[in-house]
Amino acid sequence: MPIFKRRKRTAVEADPIGAFWSWWSESGAALVADAIARQVPADLSDVLTDLIARIDPDLEWELGPGLHAEHVLIVTAAGNPSRRAVARRWLRAAPPSDRTWEYADLRRPGPAFTIRFDGLPPIPIDEAVVSMEPDSSAIHVGVHHPAFPELPVDVQRRVTLLMLDLVLGEEMVETWVGAIDTLVEAPADAVPIETLLPAVAAFAADHTLEDGSPAWKMLEGTRDGHRLIATAEYPLRSIRRPHLDTHVAVSIRYPVVRDDGLPESEMLDELRRFEDHLTDRLGGSGNLIAHETSAGTRTLHYYADGTTPAGAQLQAATTGWPHGQVSVEVTEDPAWHNVSHLAG
């Protein structure tokens with residue numbers, strides 16, 4: 001059964017991720033594995049909590065059985081978009097997995113078990129039921145458990161989110177689940193919670209490319225009375241690339257010839273070549289995830305790793321555009337709020 005630990009606040013140090021992995025490599029991995037073998041993993045709980053809180057006090061950690069190793073250590077932002085990048089950087093600094101340990105920054109789906117909190121009744125996950133309502137981009141889920149009437153409202157909500165993370169995995173929840181309701185009464189259309197994973201997996205398969213990568217969709221509308229065409233990655237969710245926490249908007253002016261303000265075909269080809277040039281300069285530091293075109297301006301929405309000079313690289317690459325002004329705006333945006341209007 002996984003061990004969950006809430007965070008606590010502590011002092012900040014220069015390289016807390018490096019300090020954590022130094023401790024882990026020197027002694028921590030062996031100490032924690034030994035504590036699990038002796039069935040006293042709580043013996044190392046305070047040490048783990050302190051070291052991870054030094055990385056970020058809003059991170060949470062848990063231990064459990066691994067998929068390919070005996071154990072897994074998971075350090076997660078627990079649904080907090082502003083902390084996903086630091087959790088992913090912790091993971092990227094991890095040593096290679098071995099027979100004993102593997103590492104993750106997102107909760108994974110796993111077998112049903114009983115959730116236990118101090119001072120509260122046990123909550124077997126397999127007793128929960130759900131309702132499901134799909135729309136064009138997500139499945140909205142209601143969750144009921146017979147224990148809910150006995151629990152405080154805040155605990156009901158926490159248990160609901162935790163159950164979904166454990167049944168679906170954190171990435172699937174944040175990518176494909178829309179509204180989440182905690183239901184004190186069982187809904188009329190309730191089905192067992194174990195039916196949720198195949199239903200959401202089938203929905204995801206229907207809305208992504210065959211290799212599982214995001215598709216792109218086109219949107220059309222108006223802005224300030226002008227025709228607007230946009231294309232965006234679908235689904236547009238930061239959870240897929242949590243280390244890309246910085247929005248870089250590149251706005252490219254082009255001469256207007258058409259009555260509707262959109263570029264004519266030759267200009268569109270030039271804009272696409274310039275886009276390819278910018279994307280190549282970015283390299284592996286980020287991705288283009290959407291663009292909008294209207295009234296003589298094409299805006300490219302990049303998301304980049306804020307620990308790299310990606311913003312400056314894009315700024316330097318814009319000097320070759322001969323048809324008008326190019327502006328670059330760099331904003332910290334780990335939740336991808338700046339493109340939420342394109343998420344659908």
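User: What are the ground rules for the numbers?
Analyst: This is a predicted model, in which local features need pLDDT of at least 70 and side-chain atom pairs count only at pLDDT 80 or more, while totals for chains, interfaces and linings use all residues. Residues are numbered from 1 along each chain as its sequence is written, and side-chain values use heavy atoms, with hydrogens and water left out.

User: How many helices and strands does the protein have, and what makes a run count as one?
Analyst: The protein has eight helices and 16 strands. Both are DSSP runs numbered from the N terminus: a helix is H or I over at least four residues, a strand is E over at least two. Strand β5, for example, covers residues 114-115.

User: Why is I115 called buried?
Analyst: Buried means under 20% relative accessible area, exposed means over 50%, and partly exposed is in between (1.4 Å probe, protein chains only). I115 has a relative accessible area of 2%, so it is buried. Leaving out residues up to four places away in sequence, I115 touches P121, P122, I123, I125, V159, L162 and M163; a contact means heavy atoms within 4.5 Å.

User: Why does S131 count as buried?
Analyst: The relative accessibility of S131 is 15%, therefore S131 counts as buried. S131 lies in strand β7, residues 129-134. Its contacts, not counting residues up to four places away in sequence, are H140, V141, G142, L183, P187 and D189.

User: What share of the protein counts as buried, and how much area does it expose?
Analyst: Of the 344 residues, 49% count as buried. The protein exposes about 16,500 Å², of which carbon and sulfur atoms supply 51%; the areas come from the Shrake-Rupley method with a 1.4 Å probe, and for residues only the protein chains shown count as cover.

User: How do you know that the span of helix α7 agrees with its length?
Analyst: The expected span is 1.5 Å times one less than the number of residues. For the 18 residues of α7 (residues 265-282) that gives 26 Å, and the end C-alpha atoms are 26 Å apart, so the two agree.

User: Which residues of α7 are buried, and what puts them on the same side?
Analyst: M267, L271, F274, E275, L278 and L282 are buried. They cover an arc of only 105° around the axis, which puts them on the same side of α7; the arc is that of the directions from the helix axis to the C-beta atoms. An α-helix has 3.6 residues a turn, so residues three or four places apart point the same way. On the other side of α7, S265, E266, R273 and D280 are exposed. The buried residues of α7 pack against β13 (244-253), β14 (286-294), β15 (297-305), α8 (310-317) and β16 (326-332).

User: Which residues of α8 are buried, and why are they said to share a side?
Analyst: A310, G311, L314 and A317 are buried in α8. They cover an arc of only 130° around the axis, which puts them on the same side of α8. The buried residues of α8 pack against β13, α7, β15 and β16.

User: How many aromatic pairs are there, and why is the pair of F274 and W321 called tilted?
Analyst: Rings of Phe, Tyr and Trp (its six-membered ring) pair if their centres lie within 6.5 Å; planes under 30 degrees apart count as stacked, over 60 as edge-to-face and the rest as tilted. By this rule the count comes to 13 aromatic pairs. The rings of F274 and W321 have centres 5.1 Å apart and planes at 40°, so the pair is tilted. The pair links distant parts of the chain, with F274 in helix α7 and W321 in the loop between α8 and β16, 47 residues apart. Both F274 and W321 are buried.
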